[in-house]
Amino acid sequence: MPILQVKDVTKVYEGKVTNRAINQLSFEVAKGEFLAVMGPSGSGKTTLLNLISTIDKPTSGEIIFNYIKPQNLNKTELAFFRRRELGFIFQDFNLLPMLTVEENIVLPLTLDNQPVEVMEERLNTLVESLDLKSFLYKRPNEISGGQAQRVAIARALIHRPTIILADEPTGNLDSNNSREVLELLSKINKERKTTIVMVTHDPIAASFCDRVLFIKDGEFFNEIYRDDRRQTFFQRILNVLSLLGGGQVGDLSSIRLP
Amino acid sequence: MTFHQFAYRNVIRNLRIYAAFFMASFFSVFVFFIYSMLMFHPKIDRGFLGNVPILWMVVAEIILVLFTWFFIFYSMKAFLEARSKEFGILLHLGMERRQLSKLVFLETIIIGVMSIVLGIIFGYSFSKFFFMIVREILMLDELPLYLSWEPFVLTFAVYLSAFIVISMVSVHFSPQRKIIDLMQGPKGGNYTVTYTKTRTLLGIVLILLGYWLSIVMTRTSLYSFSILIPILITFGTFYFFSDSTQYIVESLKKKKIVYWKNSRMLPLAEQTFILKNNGKMFFVVTMVSTLAFLSVGLLSTLSSYTSQYDKLNPLGLIYKGHIDNPYEGTHVSTLVSQLEERGLSYHLTRFTVKKQTSSYTQYEVEVFRESDINSLLFSYGYPMVRLSEGEGMFIPYTEESIKKLSKRTIETVLVENNIPIKIDQVYPKLIFPGSIVSLNSIIISDEDFAKLVNPYKGYPNVEPGYHLFTFDIPQWIETTDIGLSIQQNVSAEYLKDEYLLPYYFENAGLNYSYILSTYSLFTLVGLLVAAVFLLAAGSFIYFKLHTNLENEKRKFDALKRMGISDNELKSLVTKHLFPQFFLPWGVALSHSLFAFIAIQKVLKNVANISIVKELIFALLFLVLIQVIYFYLIRWRYIAHVRD
């Protein structure tokens, strides 16, 4: 049984210019899978993520989490659903500047009124596995980008969500920090069997995943599975990307090839 | 599009941002203009009310202007901060700093002139209405609307110069930030904690010391304390907001069981920084609110004084004259005929009061006859006095003195005529106003009074007694024009060095109308100033919130993704706003409460009035206004962060 099902989802933004951001998109995510969603700018990646995170509703079609249909929940139930079932990692971290690192991590649990002992116990395990000890009592503006993203990951994990949604988690990081964060994510995926859906347009980031889903102009374009070697997987991602660029295979600059 | 058009469009299209600033300036121009209209009024100008109210009005105007300057300066700074991203873009596109200053200057002048013009127009259209109120209060026949250039020029000059100077100063003295910083938008504030234990302690100790002093204050220490207490409280409040509050929140945060709870963590964590970054503003708001509370409280005190006036002055008219006063007959008959002309019922009692020396104190004592007093008591409807030979009774001079005198028993001899008197009772109600009878007045029986043949030993150097004519008039408020000529002689004589007239006259109705109108004018002036203060104090907080709105939106966006329900969002906003609104007010309330405890004690000594009831009413009213204002701002705030 897949943990997340996206069935024929269409999202139309009505306004002065009607815009079909997602068109008849269907896919499934299995438990413990690490999925990357790729596509050029404006392909509907962020819209898709917003739909999955239930802060936006599809115009038609449905999204099912483990038998739960968020469309049928009211606003308060949705809030409770998000806080228990979903974990978020953002491009710009979205850590709250007035809280220390420690407080930022336990924030989802305080929102859910968990007892302090539970918070401390879970915090301690995370601090160890994510190596946050050295800056636990600092404020977000006193730590580096890589450290901040690690904190954000800890915050996304502490309430043990069914699925983690990551929006360009490496978008603001340099190559070393990016690699660190991605290795961390795939380690979490393997060790804890956590399901992760990551939106990105960085092929290196995508090459850490089990499967890459390509969308273009809101429609399904292609998908490829990981093989034994990351290097060849990366190469295949690049090939699909070059096809994505509007049919002209040659317009992908050679500089982006390693 | 020229540069001027750009500035103009900026203002017109951003009117929503400017609305609060505009409204506050508009309202203060409005109030200022109406005051000036009253101040320059030809009728009032000619000394109708004497100099005191005019002086008070000038003081109020000056306070208003000073405060407005500060207020405009503060809101200017908040705006520049809130619009830093826009300025960053402009500078990025190649605007010079000089041009930016010019832009800000032009925009301020546009807003300023708009609020001045509108304020004056509204002020002028409302001044007829205002004059009608003033006319009623001052009991004038008419207070016509007039047109003269002075109020217009004064208002325009004062406010235009304020806008010009402040817009120039605030641009020049605002710290220059790098373009790249400006582009990031308003500074999120500094997130480090800065408090020292000494100053934390100092804040609390100074305030408590001030409170303690105001409790132990007595009449003798009034002057030294009334200088010391405000200084203590001012410094105490400053340190309280800069350090003590931070300390309290930080120590709360150390208790995880309290801190790591549902919607407590965020508001608590924020409070430290809100308090730290806005400490100075909270300090100003507190002091301003205290001033406003005090003026409202004092006004209600005055109104309580006027409402107790008739209790303190039971008689309508009092005419007091020397025994050989040549005008006595004509004056009294004038009064009587005037009263009859107006159709006012009255009860006239004639007293002959004799002075004697008491052997007990060796001082003079004023002696009243039993039947004279009974005649007045009869018209009051009070119980009569029954005295037999050798008995005496004290006449109370204040409400307080009744209690004091009732415990005293004195055996004395009226020295001049060698009549022994035993005084062991006091009349249980106030018969005469305190100004008429001496502190040493007694009633004796008619038999004893008849024996007072020998005059006071000081005679003929000192008057041996006096005649007193009292008019008990049920409709005493309507006697304002009775005995005006006598009243004028008396008041003219008061201005001389020595009071030489053989008579004295008091018209309670007329005095009451003077007191009432003066106090009403005070009230009017005070209430308007207080209104401006309170409005401004609220606007300070509003501006600060507005500046931070973008950051707040981002914060709530992240929280919404992480999953907070609508109710939780509301409760977060409430907890975020509540301390900002009610901490300064709460401190101001407690400051004014202690100030009133002191004032109440002083007043009890001086004027014998209680102000508790009026005060509670006035303060409750203020709290109500604040609660309404809080919900208004909360409603706007939630609407902003929700979308």
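In strand 7 (residues 195-199) of chain A, T195(A) is the bridge partner of I163(A). The structure is a predicted model, in which local features require pLDDT of at least 70 and side-chain atom pairs count only at pLDDT 80 or more, whereas totals for chains, interfaces and linings use all residues. Residues are numbered from 1 along each chain as its sequence is written, and chains are lettered from A and ligands numbered from 1 in the order in which they are written.

Strand 6 (residues 163-167) of chain A is largely enclosed by the rest of the structure, because 5 of its 5 residues are buried (20 or more other C-beta atoms, placed from the backbone, within 10 Å of the residue's own). On one side lie I163(A), L165(A) and D167(A), and on the other I164(A) and A166(A), so that both faces are covered. Helices (H or I, at least four residues) and strands (E, at least two) are DSSP runs, numbered from the N terminus.

Strand 6 of chain A runs parallel to strand 5 (residues 86-89) of chain A, to which 4 bridges join it; two strands pair if DSSP finds at least two bridges between them. A166(A) is the bridge partner of I89(A). Strand 6 of chain A is also joined to strand 7 of chain A by 5 bridges, again in parallel. Together with helix 6 (residues 175-192) of chain A, strands 6 and 7 of chain A make a right-handed β-α-β unit (with the strands pointing away from the viewer, the path from the first strand over the helix to the second runs clockwise).

Conventions:
Buried ≥ 20, exposed ≤ 12 C-beta atoms within 10 Å, placed from the backbone.
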